[in-house]
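Subject: Structure for you to look at

Hello,

Here is the structure I promised to pass on. Please open it beside this email while you read; my notes follow below.

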Amino acid sequence: MTQRKNTLALSLAVAAGSLMSTLLVGCGEEPPAVVQAPPPPPPKAVAPEAPKLTSIKDLMAKYDIDQRVTLPEERAPDTDEARIAVLKFFDAFARGNADALKPMLSAPDQFQLDGMIEAGSFAKSTAAITRIDVRCGKQDSSNCTLAVFHVGEGFEPQLWSYTTGGKAEFDAIATPPGILNKLSGDNQIAAWFEVLKLELAKADEPDESPEMPKQDFTKEDEGGQPTASEGDVPAGVPGGLPGKRMPGAPIKAPKGPGFGTK
């Protein structure tokens with residue numbers, strides 16, 4: 001009986017304590033704030049890997065490119081598609097393969113090629129090619145390729161802009177006279193366009209009309225001989241100025257090495 005009373009008294013004490021705690025909270029004490037863990041950081045974006053380039057050596061072997069075509073790795077395009085197009089383009093020149101070359105040319109260049117084929121000059125000129133030094137780059141975001149053809153003891157330079165994307169197309173850029181003697185610096189493609197710009201500016205200049213010397217024959221000296229008026233041309237000096245050189249004159253190839261390597 002005594003044990004039962006003790007148990008009852010303990011239960012009443014616990015209940016009273018719980019009631020007191022409830023009353024204290026109800027009298028103005030707030031429950032402790034729940035601290036929430038910060039959200040995990042977003043996953044880092046993984047940049048896609050750049051497509052792996054195939055070396056020029058491997059591409060030449062895979063597509064059986066003529067060994068006379070030289071394209072240094074550091075001068076090659078930055079995509080396999082462009083590399084293959086450039087190699088096949090100059091392979092057609094090296095082999096004198098007009099059928100492979102024509103579909104890769106722009107319409108005006110195809111017309112010119114047809115004329116060369118009909119005249120027999122295409123086969124004759126390509127048969128004399130001993131080496132083609134090639135380099136590639138960009139000009140104003142356009143893909144360009146510059147080549148120097150070793151033909152016999154001479155050199156024939158040519159610059160093309162080109163596009164890829166299903167079908168490659170190459171469009172020849174005008175060749176200023178004596179261009180190989182005017183290219184300087186490491187970026188010879190940019191130098192070519194600068195020389196061309198200057199040549200076109202010269203061509204746009206108006207022709208000079210030299211003023212012919214005037215002579216007054218009305219004055220005579222004491223001996224009865226006419227005297228030369230001011231501005232006359234001395235004896236032995238021809239009047240007038242030499243004519244301007246017309247743009248597009250034939251290129252005289254310099255004697256020297258190509259530029260296939262640095």
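**Aromatic pairs**

A search of the whole structure finds 11 aromatic pairs. Rings of Phe, Tyr and Trp (its six-membered ring) pair if their centres lie within 6.5 Å; planes under 30 degrees apart count as stacked, over 60 as edge-to-face and the rest as tilted. Phe 93 and Phe 149 make an edge-to-face pair, with 5.2 Å centre to centre and 65° between the planes. Phe 93 lies in helix H3 (residues 80-95) and Phe 149 in strand S3, so this pair ties together parts that are 56 residues apart in sequence. Helices (H or I, at least four residues) and strands (E, at least two) are DSSP runs, numbered from the N terminus.

Phe 93 counts as buried because its relative accessibility is 13%, and Phe 149 is buried as well, with a relative accessible area of 8%. Here buried means under 20% relative accessible area, exposed over 50%, and partly exposed in between (1.4 Å probe, protein chains only).

Phe 149 also forms an edge-to-face pair with Trp 160, at 6.3 Å centre to centre and 70° between the planes. Since Phe 149 lies in strand S3 and Trp 160 in strand S4, the pair ties together parts that are 11 residues apart in sequence. Both Phe 149 and Trp 160 are buried. Ring pairs link Phe 89, Phe 90, Phe 93, Phe 149, Trp 160, Tyr 162 and Phe 170 into a cluster.

**How to read the model**

This is a predicted model: local features need pLDDT of at least 70, side-chain atom pairs count only at pLDDT 80 or more, and totals for chains, interfaces and linings use all residues. Residues are numbered from 1 along each chain as its sequence is written, and side-chain values use heavy atoms, with hydrogens and water left out.

The chain averages a pLDDT (the predictor's confidence in each residue, from 0 to 100) of 77, and 66% of the residues score at least 70. Over residues 226-262 the pLDDT is below 50, and beyond near neighbours in sequence this stretch has 53 contacts (heavy atoms within 4.5 Å) in the model.

**The sheet**

The chain has 7 helices and 5 strands. An open sheet of 5 strands runs in the order S1-S2-S3-S4-S5, with mixed pairing. Strand S1 (69-70) and strand S5 (169-173) stand at the edges with a single partner strand each, so one side of each is left without a neighbour in the sheet. Two strands pair if DSSP finds at least two bridges between them.

S1 and S2 pair in the parallel sense over 2 bridges, and Thr 70 stands opposite Asp 133 in S2. S2 and S3 pair in the antiparallel sense over 10 bridges. These two strands, S2 and S3, form a hairpin with 2 residues between them, and Asp 140 in the turn has a positive phi of about 55°. The bridge partner of Gln 139 is Ser 142 in S3.

Strand S3 (residues 142-151) pairs with strand S4 (residues 154-163) in the antiparallel sense over 9 bridges. Thr 145 stands opposite Trp 160 in S4, the Trp 160 that pairs with Phe 149.

**The chain as a whole**

Of the 262 residues in the chain, 27% are buried. Among contacts with a separation of 6 or more, 52% are between residues 24 or more positions apart.

Regards
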